[in-house]
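Colleague: I would like to learn how to read a few features of a protein model, one at a time. Could you take me through them slowly, giving the general idea before each case?

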Amino acid sequence: MLKVPAHQVAGHQAIDGKLGPLIDDSGRFYKPLQSDERGANEVAFYTSFFSNKKIPDHIRRFFPVFHGTQLVQASDGSGMCPHLVLQDLVSSHINPSIMDIKIGTRTWPPRASEDYIAKCLKKDRESTSTELGFRISGFQIYGSKESGYWKPDKGYIRSFSAEDVRVILRKFVSSNASADSDSDPDCAFASTVYGGSNGILAQLLELKAWFEDQTIFHFYTCSVLMMFEKEFALKGRSSGAEVKLVDFAHVVEGRGVIDHNFLGGLCSFIKFVSEILTGPVESPPKSCLQDSERN
């Protein structure tokens, strides 16, 4: 039985009769194949990536496992449609905090139409893509069993400034995250989520090292997805911090040239995360720890 993903934070969503991705109970994610060249391009990328022996195993883990394509009933009621069958990246999580970060100053591929370039350029200039080399596309932050998730809509996120990005990246790892603009994020989980040998920063640096050398692909309009479990962090367990790369409809051949557009944006994002780790970090308040024990 296919159902709408509960934890999707960006992209087309299968709600209100619209076409979007679906999931099953076995840990698979069904992404509708776009009818133009983007669909064929994404299939070609996954096929090429997972068959390329030059890709190290420690890099493959950052990409969703590819299970091929399958005809399934589309979420918009239009009948059987081809879907990419991928690993559901959040299926092993219980109450994940998730953020989608679109990487790159330029978000359109070579040979894109003038209309598509104009559309992308408008979004890039109106967001932080042009200024920072990345933008936040969506996020959800888990509060507690009682409060649930803080998951703002696209309109709220689209207007972010560079300073807003700094604040949201701090709130993402805070015990007191909320939409209240006056609240000061405590960054209580920064050291366990962003820091450490298995934290977000270490994983981003591992990716950066690969992108400094790889010339096989250029990743346009690709996103970094990062996630963790707040309740695990509160109880002193591993936060389950993970970094994944998603959205490959606009990947093109690298032709022996380093992907400076993606690498530059990734380096900029790494700098923002690093700055949070070097700043003062508070411990979670007792009330927060008590709430966790009750949940």
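Colleague: Is Phe 189 buried or exposed?

Modeller: Buried means under 20% relative accessible area, exposed means over 50%, and partly exposed is what lies in between, with a 1.4 Å probe and protein chains only as cover. At 2% relative accessibility, Phe 189 counts as buried, and Phe 228 is likewise buried, with a relative accessible area of 1%. Please keep in mind that this is a predicted model, in which local features need pLDDT of at least 70 and side-chain atom pairs count only at pLDDT 80 or more, while totals for chains, interfaces and linings use all residues. Residues are numbered from 1 along each chain as its sequence is written, and side-chain values use heavy atoms, with hydrogens and water left out.

Colleague: How many aromatic pairs does a search of the whole structure find?

Modeller: A pair of aromatic rings is described by the distance of the centres and the angle of the planes. Rings of Phe, Tyr and Trp (its six-membered ring) pair if their centres lie within 6.5 Å, and planes under 30 degrees apart count as stacked, over 60 as edge-to-face and the rest as tilted. The search of the whole structure gives 29 aromatic pairs. One of them joins Phe 189 and Phe 228, which form a tilted pair at 6.5 Å centre to centre with 50° between the planes. This pair links distant parts of the chain, since Phe 189 is in the loop between α6 (162-171) and α7 (190-193) and Phe 228 is in strand β9 (residues 223-229), 39 residues apart. Here helices (H or I, at least four residues) and strands (E, at least two) are DSSP runs, numbered from the N terminus.

Colleague: Why does the pair of Phe 211 and Phe 262 count as stacked?

Modeller: The ring centres of Phe 211 and Phe 262 are 4.4 Å apart and their planes stand at 20°, so the pair is stacked. Because Phe 211 lies in helix α8 (residues 200-211) and Phe 262 in helix α10 (residues 260-278), the pair ties together parts that are 51 residues apart in sequence. Both Phe 211 and Phe 262 are buried, and they belong to one aromatic cluster whose members include Phe 45, Tyr 46, Trp 210 and Phe 248.

Colleague: Which residues of α6 are buried, and what covers them?

Modeller: In α6, the residues Ala 162, Val 165, Ile 168, Leu 169 and Lys 171 are buried. Their cover includes β5 (96-103), α4 (129-132), β6 (134-144), β7 (148-150), β9 and α10.

Colleague: With which residues is Ser 268 in contact, leaving aside its neighbours within four places in sequence?

Modeller: Contact means heavy atoms within 4.5 Å. Ser 268, whose place is in helix α10, is in contact with Leu 132 and Phe 134 once those neighbours within four places in sequence are left aside. At 16% relative accessibility, Ser 268 counts as buried.

Colleague: What is the phi of Arg 111, and where does Arg 111 lie?

Modeller: Most residues other than glycine have a negative phi, and most peptide bonds are trans. Arg 111 is not a glycine, yet it has a positive phi of about 70°, and it lies in the loop between β5 and α3 (114-126). Arg 111 is exposed, with a relative accessible area of 76%. Asp 247 also has a positive phi, near 75°, and lies in the loop between β10 (242-246) and β11 (250-253). Asp 247 is partly exposed, with a relative accessible area of 29%.
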